[in-house]
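Please keep the sequence and the model in view while reading.

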Amino acid sequence: MKLILVLVVFVGVFHSVNAIAEGDIDAGRGKAAVCAGCHGPQGNSTNPIWPKLAAQHAFYIIKELQDFKDKKRADSTMQQMAKGLSDKDMEDIAAYFAEGLPTVEVASADKVKLGEQLYRGGNSEKGVPACIACHGPSGAGSAPAKFPRIGGQHAKYLVKALKDFKIEKRDNDHQAMMRDIAGRMSNKEIEAVSSYISGLH
């Protein structure tokens, strides 16, 4: 019951203070050229430690860019890249990547069973909620509810993100939701669910 109330508050508050931005896709294509070196020309990075941006919800790309710019999320490279971006630049870049077609990874066979269990059912003994509750059956997330797309994302990137939340190296999640969840997970669970998510589409 407590978790449900937290989710309701999260959705209600976060939605009320974030309007859906509408960027210019054509303008974003040009502005995103500098991003292609790491994230790929259409948002599908080839290095698994760099996140895919293709089909990511625009609101989330904007939020993360703003957090990098404001130094609320630590990463010297991205802070440098974001510091010169205006709000309009962020909206345009986000609109461009949001329209991309994401590639899909293949989950490791030895991690599928545990990964699926965690994603779809959580771990009630540890108080870990099912990922599906917020990110959906295919990992598509929800723009209205402000949950990012994670399906098809690189497993290595997801592992790093969850471990960073776990040790609170990353703390730009709303109301510490991801820090709380990741903090209850073992590294084995993090690696399994990350692998499983990478194969979702």
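Which residues in H9 meet which residues in H11? From H9 come Ala155, Leu158, Val159, Leu162, Lys163 and Lys166, and these meet Asn187, Ile190, Glu191, Val193, Ser194, Ser195, Ile197 and Ser198 in H11, where contact means heavy atoms within 4.5 Å. By class, this contact of H9 with H11 has seven nonpolar, four polar and three charged residues; Ala, Val, Leu, Ile, Met, Phe, Trp, Tyr, Cys and Pro count as nonpolar, Asp, Glu, Lys and Arg as charged, and the others, Gly among them, as polar.

The model is a predicted one, in which local features need pLDDT of at least 70 and side-chain atom pairs count only at pLDDT 80 or more, while totals for chains, interfaces and linings use all residues. Residues are numbered from 1 along each chain as its sequence is written, and side-chain values use heavy atoms, with hydrogens and water left out.

**Helix pairs**

Helices (H or I, at least four residues) and strands (E, at least two) are DSSP runs, numbered from the N terminus. Axes are lines fitted to C-alpha atoms, for helices over the stretch in contact, and angles run from 0 to 180 degrees between N-to-C directions.

| Helix pair | Angle | Axis distance |
|---|---|---|
| H7 (residues 112-121) and H11 (residues 187-198) | roughly 85° | within 7 Å |
| H4 (residues 58-69) and H6 (residues 87-98) | about 140° | 8 Å |
| H9 (residues 155-166) and H11 | about 140° | 8 Å |

Angles under 35 degrees count as roughly parallel, over 145 as roughly antiparallel, 65 to 115 as roughly perpendicular and the rest as oblique. H7 and H11 are therefore roughly perpendicular to each other, whereas H9 and H11 are oblique, as are H4 and H6.

In the contact between H7 and H11, Val112, Leu114, Gly115, Glu116, Leu118, Tyr119 and Arg120 of H7 meet Lys188, Glu189, Ala192, Val193, Tyr196 and Ile197 of H11. The residues of this contact divide into eight nonpolar, one polar and four charged.

Between H4 and H6, the residues Ala58, Ile61, Ile62, Leu65, Gln66 and Lys69 of H4 meet Asp87, Met90, Glu91, Ala94, Ala95, Phe97 and Ala98 of H6. Nine nonpolar, one polar and three charged residues make up this contact of H4 with H6.

**Helix H11 and Ser198**

H11 has 12 residues and reaches 17 Å from its first C-alpha to its last, close to the 16 Å expected at 1.5 Å a residue, the expected span being 1.5 Å times one less than the number of residues. Nine of the 12 residues of H11 are buried, so this helix is largely enclosed by the rest of the structure; buried means under 20% relative accessible area, exposed over 50%, and partly exposed in between (1.4 Å probe, protein chains only). What covers the buried residues of H11 includes H7, H9 and helix H10 (177-183).

Ser198, which lies in H11, counts as buried at 2% relative accessibility. Not counting residues up to four places away in sequence, Ser198 touches Val104, Glu105, Val106, Ala107, Gly152, Gln153, Ala155 and Leu158.

**Asn123**

Asn123 is placed in the loop between H7 and helix H8 (132-135), and at 16% relative accessibility Asn123 also counts as buried. Leaving aside neighbours within four places in sequence, Asn123 is in contact with Leu118, Val128 and Glu189. Asn123 and Arg184 are 61 residues apart in sequence and 9.3 Å apart in space, C-alpha to C-alpha.
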